[in-house]
Every structure is written in C-alpha cells, then in structure tokens.
Amino acid sequence: MKKTLTIFVCLLISLVSLFSQATNEQPTVKYAFWGNPEAIGVEKDIITAFEAKYPEIKIEPVVSSYGDYHAKLITMIAGGMAPDVMRIDSYYFQDFTKLNAVENLDKFIARDNFSMDIYQPQGIKECSVGNSIYGLPWATAPLYLLLNLDVFEKLNIPLPKLDWTMDDFVRIVKKIKDSSNETYGYATTFNNLDVFFPFIWAYGGDLLNPEKTEFSLNDPKGYKAFEVFSELYQSGYMPKDSITATPDILRRWFVNGSIAMMMGSASQILSLQNVGDIRFEAWPAPHGVNENTTVYTSNEISLSVSSKNKDAAWTFMKFLRGPEGEELYLKAKRMPPTLSDPDLWSLYLDAEKYPKLIKENSLLISQKYGHGLPLRAGYTEVEAKIMPLVQDIVLGHVSAEKAMHEVAPQISDILARTGESL
C-alpha cells in the first residue's frame with residue numbers, strides 16, 4: 001500500500017510539473033501582413049516594442065508582397081494554419097467574414113472596456129458586420145488627388161479650389177496639355193475601380209444601389225465618368241501608355257513632370273517623399289452632383305477564429321492599433337494619422353517635406369468630402385469583371401452604355417451568389 005501511494009505521489013508530482021511547464025510556455029502569436037522593405041521595417045519595430053512590454057508573448061511575423069498576400073492567407077486558412085492576427089484589405093474583408101475566418105471582437109471589447117472612440121467613424125464602419133466588430137481599423141485614410149506644384153507654376157496655372165468641380169478638372173487637364181507638349185494633365189492606372197469612383201460619384205452614379213444588392217453602373221449617371229475619360233484619352237489629353245501603366249510608372253511620370261495630377265494613397269506619398277525634391281500637394285477629388293467624392297477607406301486587423309492564443313493575440317492587436325503602435329507608424333511616415341486624435345499629426349508632419357497641406361486637407365476630407373467604397377462580399381469579383389471593360393471604353397472599342405448594359409447580368413449573378421452585404 002505504501003509503495004502504491006509513493007508511486008501515485010511521484011506520478012502526481014510529475015503531472016503537476018508538466019502542467020506547470022505547459023501553462024508557463026510562452027504563447028506565440030503569428031501576425032500576417034503585407035509590405036515592402038520600408039513597411040516591414042516599421043512592423044519589426046512595433047513587434048520589438050510589444051515584446052519588450054509583454055515579454056511573456058512572442059510575435060512571429062508572416063509577411064508577403066501585397067499581390068500574393070490574400071491568396072496566401074486563404075490557403076493558410078483552408079489548410080488549418082491561419083495566422084492568429086491578420087491584416088485584411090477592406091476589399092476582401094466582407095469575404096473573410098462570410099468564410100467565418102475572423103473572430104467577433106465584441107466580447108473582448110466589452111470585457112476590457114476597450115474604447116472604439118479612438119478610431120475614425122469610417123474605420124469603424126468598415127470593420128463592422130451588422131452591429132458587431134470583426135476587426136480594428138488600420139490605415140483609415142483618403143485616396144488623394146496629387147498635384148505637381150512645379151508643373152502648375154511653370155505653366156502659370158492656378159491650383160484648383162478645394163471645392164473644385166468636374167468641369168474644373170476637365171478644363172485644367174486640357175489646359176495643361178494645350179500649354180505644354182511635354183506634360184499631360186492627368187493619368188491613372190486601369191487596374192482598380194477606386195481611382196474612378198471619385199468621378200463616378202461626381203456625376204451622381206455608383207457601382208451599386210444603396211443597399212448594395214443591385215448593379216448601378218448601367219445607369220447613365222453611372223457610366224458618364226467613363227465617357228469623359230474616353231473623350232480625354234481619345235483626344236490626346238491623357239498619355240496613350242497610361243492604359244497599361246503601373247503605380248510605379250505613374251510616380252515616375254509625376255516626378256519628372258510628364259503628368260501634373262494623379263491619384264495617390266499614403267504609400268504613394270511616402271514614396272514621393274523619399275525622392276526628396278518633388279513639390280506636390282494632396283487634394284480632395286473634384287465635385288459634381290455630390291461633393292463627398294474623395295475615396296476614404298480603411299483596412300482591418302482581425303483575429304482568427306481558429307487561433308489557440310486569442311487572449312495573447314487580442315493583447316497584441318490592442319497594442320498594434322492603439323496609440324503606441326500608431327506612434328511608431330507615424331514616426332516611420334508609414335501613413336498619416338488614422339486614429340481620431342488630431343494631436344498625432346505632429347508626429348507625422350515634417351516642415352521640410354511636401355505635401356504641406358496634407359493635415360488640413362485630410363481633416364477636411366474626413367469631415368466633409370470623404371466617401372466610403374461600396375464594399376460587400378464579392379466586391380473584387382465584380383471589379384474584375386468591370387475593369388477590362390473600362391479599358392475598352394477608354395480605348396474606344398465599345399461605348400460605355402453598351403459595355404455596362406451587357407455586363408449587368410453577370411454582375412447580378414455575382415451579387416446573388418455571394419449574398420447580401422453582411
């Protein structure tokens with residue numbers, strides 16, 4: 001009996017020891033994000049700062065280029081290897097929620113009395129599904145219209161007013177080309193709808209109806225912007241090569257003065273600032289029927305449903321998207337302030353760098369001129385159907401009316417298959 005009891009006590013001690021080792025094991029949180037070398041640098045700084053503050057939690061980065069990122073993420077989720085924390089582009093966010101891949105954060109927010117008021121309303125809107133929160137906003141910012149100041153000054157053309165119209169835009173584009181054989185007024189890429197939305201909205205159109213259940217670009221107000229761009233392109237007011245241009249090519253044209261205006265995100269601004277000698281400003285998009293025509297959107301940081309370290313992952317998310325993480329992003333000039341505290345601008349602004357008016361114009365856009373994208377499940381599939389047709393319209397191969405009416409049934413099928421916006 002005594003021998004049996006001794007064996008039992010030894011086993012119990014061993015089990016207690018093993019349990020203690022298991023509970024003391026440092027949790028590892030896998031954090032997935034996209035980025036170039038500059039972006040990876042600031043993410044490493046954030047991870048280092050977090051691990052210094054929370055040494056009991058280890059962060060393992062999972063990084064890839066943007067072009068491969070979301071497909072890689074889907075593959076990892078399907079294979080049961082989802083990262084604990086995932087950055088998700090807002091274009092895809094609704095699809096991820098429909099896949100039940102991201103965690104409802106309401107319980108964590110309530111438990112910790114975590115205030116969502118630190119975020120801008122548009123960021124909260126884009127990370128919500130119904131009345132619940134499924135992510136924390138990341139990089140809530142406008143898509144600016146960038147103006148090359150040297151071109152405007154050289155050609156003695158005044159900068160447009162902040163409340164300029166589509167008529168002003170077309171007039172300036174034509175005047176720049178008519179005043180200089182070396183410079184075009186505007187160029188754009190033809191890969192994404194976001195660079196066309198400001199002009200679509202200016203004419204009173206949209207991709208979808210307000211409920212996001214029906215296609216709307218087959219309305220004359222919807223495809224009017226494509227007709228305007230086709231006329232500009234066909235008349236020689238836009239570079240012929242712009243139909244296949246990449247963001248890098250546009251940036252090169254903008255820097256060397258070949259174009260006076262282009263759309264630009266925060267990452268494009270950072271790249272221009274690194275050139276060093278380019279004088280430019282970040283402007284709201286031109287208005288028309290609607291004045292809120294500047295794309296104003298966000299991305300999301302989400303928690304995986306399948307994470308085994310949800311508490312640790314949530315702790316990291318709060319740091320990443322709280323003031324500490326935000327300050328590191330701002331000091332690295334990764335993006336303008338995306339939290340609602342206007343004092344954070346002091347960390348981002350540099351008196352020696354353009355654009356000098358980005359704070360004033362960003363706040364104006366967020367308060368008055370900003371417009372959210374019509375995001376829903378199936379959005380990227382809809383966009384992929386439309387963009388080749390936009391190229392054909394601009395090239396003059398097909399009329400905007402014919403192209404949008406012919407694609408409408410295909411878009412309706414996608415909307416029905418992917419279900420209503422969540």
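Contact is taken here as heavy atoms within 4.5 Å. The model is predicted, so that local features need pLDDT of at least 70 and side-chain atom pairs count only at pLDDT 80 or more, while totals for chains, interfaces and linings use all residues. Residues are numbered from 1 along each chain as its sequence is written, and side-chain values use heavy atoms, with hydrogens and water left out.

Gln 268 touches Leu 146, Pro 247, Arg 251 and Met 262, residues up to four places away in sequence not being counted. Gln 268 is buried, at a relative accessible area of 8% (buried means under 20% relative accessible area, exposed over 50%, partly exposed in between; 1.4 Å probe, protein chains only). The side chain of Gln 268 reaches the backbone oxygen of Pro 247 at 3.4 Å.

Leu 146 is also one of the residues with the most contacts inside the largest nonpolar core, together with Tyr 31 and Leu 105. This core has 70 residues, a nonpolar core being a set of buried Ala, Val, Leu, Ile, Met, Phe, Trp, Tyr and Cys residues joined through side-chain atoms within 4.5 Å. A second, separate core of 64 residues includes Met 261, Leu 373, Met 404 and Ile 414.

Backbone geometry was examined next. Most residues other than glycine have a negative phi, and most peptide bonds are trans. Phi of Ala 139 is near 60 degrees, a positive value, and Ala 139 is buried at 17% relative accessibility. Lys 333, likewise not a glycine, has a positive phi of about 60 degrees and is buried, with a relative accessible area of 17%. The peptide bond from Tyr 354 to Pro 355 is cis, with omega near 5 degrees.

How values were computed: Polar contact = N/O pair within 3.5 Å; in protein donor to acceptor, adjacent residues only side chain to side chain.
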